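This report covers sheet pairing and helix packing in one model. The structure is shown first.

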Amino acid sequence: MRALIVIDYTVDFVVGKLPCGQPGIDIEGRIASLTEEFAKSEQDWTVMAVDLHDEEDPYHPETKLFPPHNIRGTEGRHLYGQLEDVFNRYRESIQWMDKTRYSAFAGTDLELKLRARGIKELHLAGVCTDICVLHTAVDAYNKGFDIVIHADAVASFNQEGHDWALKHFVGSLGAKVVRGGV
């Protein structure tokens with residue numbers, strides 16, 4: 001079995017408070033179609049790993065690094081564009097998971113849920129390639145999962161960081177980086 005983990009593809013990370021901008025907009029169709037493909041499959045599992053912050057949290061380390069984003073209860077935390085529609089259509093087969101750190105594994109029960117389903121291969125998509133996607137991939141590697149990165153379904157506000165991360169996934173994590181198809 002495989003799982004698709006879509007990381008932080010929200011309004012705030014695409015066009016909102018901490019935006020990838022055009023690179024994030026450009027992957028909208030691919031993320032939506034990839035998510036739909038996994039959600040339709042009875043053998044695969046799909047997870048929306050979505051960043052969650054509280055307004056002016058003085059204890060969260062990102063407060064010092066980035067402007068407020070993905071604040072609980074705000075429009076910025078909604079899934080972006082077509083992905084919101086796909087999520088609503090397949091709500092029963094897509095798991096929503098709040099996360100409060102870069103990695104989808106940090107402070108969540110993601111690993112337990114993956115192991116319970118016998119999942120060994122993780123497909124990653126979303127933003128930002130060199131932050132949350134990267135940290136999720138590193139944790140997946142350290143936990144022994146096989147990793148597939150969909151290069152046409154990841155983006156960052158930092159093109160240099162994006163390019164570096166794509167090389168790092170292969171060279172240091174043994175991930176497969178693919179474009180199109182599954």
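Which residue in β3 does Asp 51 stand opposite? Asp 51 stands opposite Lys 99. The model is predicted, with local features needing pLDDT of at least 70 and side-chain atom pairs pLDDT 80 or more, while totals for chains, interfaces and linings use all residues. Residues are numbered from 1 along each chain as its sequence is written, and side-chain values use heavy atoms, without hydrogens and water.

β2 (residues 45–51) pairs with β3 in the parallel sense over six bridges; pairing requires at least two DSSP bridges between two strands. Strands (E, at least two residues) and helices (H or I, at least four) are DSSP runs numbered from the N terminus. The open sheet has six strands in the order β3-β2-β1-β4-β5-β6, with parallel pairing. β3 (94–99) and β6 (176–178) are the edges; each has a single partner strand, so one side of each has no neighbour in the sheet. From one strand to the next, the twist averages 25°.

Two helices pack on the sheet, as tabulated. Contact means heavy atoms within 4.5 Å; angles, from 0 to 180 degrees, are taken between N-to-C directions of axes fitted to C-alpha atoms, for helices over the stretch in contact.

| α3 (residues 28–40) | β1, β2, β3, β4, β5 | about 145° with β1 |

The axes of α6 (residues 129–142) and α7 (residues 159–173) come within 10 Å and cross at roughly 10°. That makes α6 roughly parallel to α7, a term for angles under 35 degrees. Among the contact residues are Val 133 and Leu 134 of α6 and Trp 164 and Phe 169 of α7.

Methods: Angles under 35 degrees count as roughly parallel, over 145 as roughly antiparallel, 65 to 115 as roughly perpendicular and the rest as oblique.
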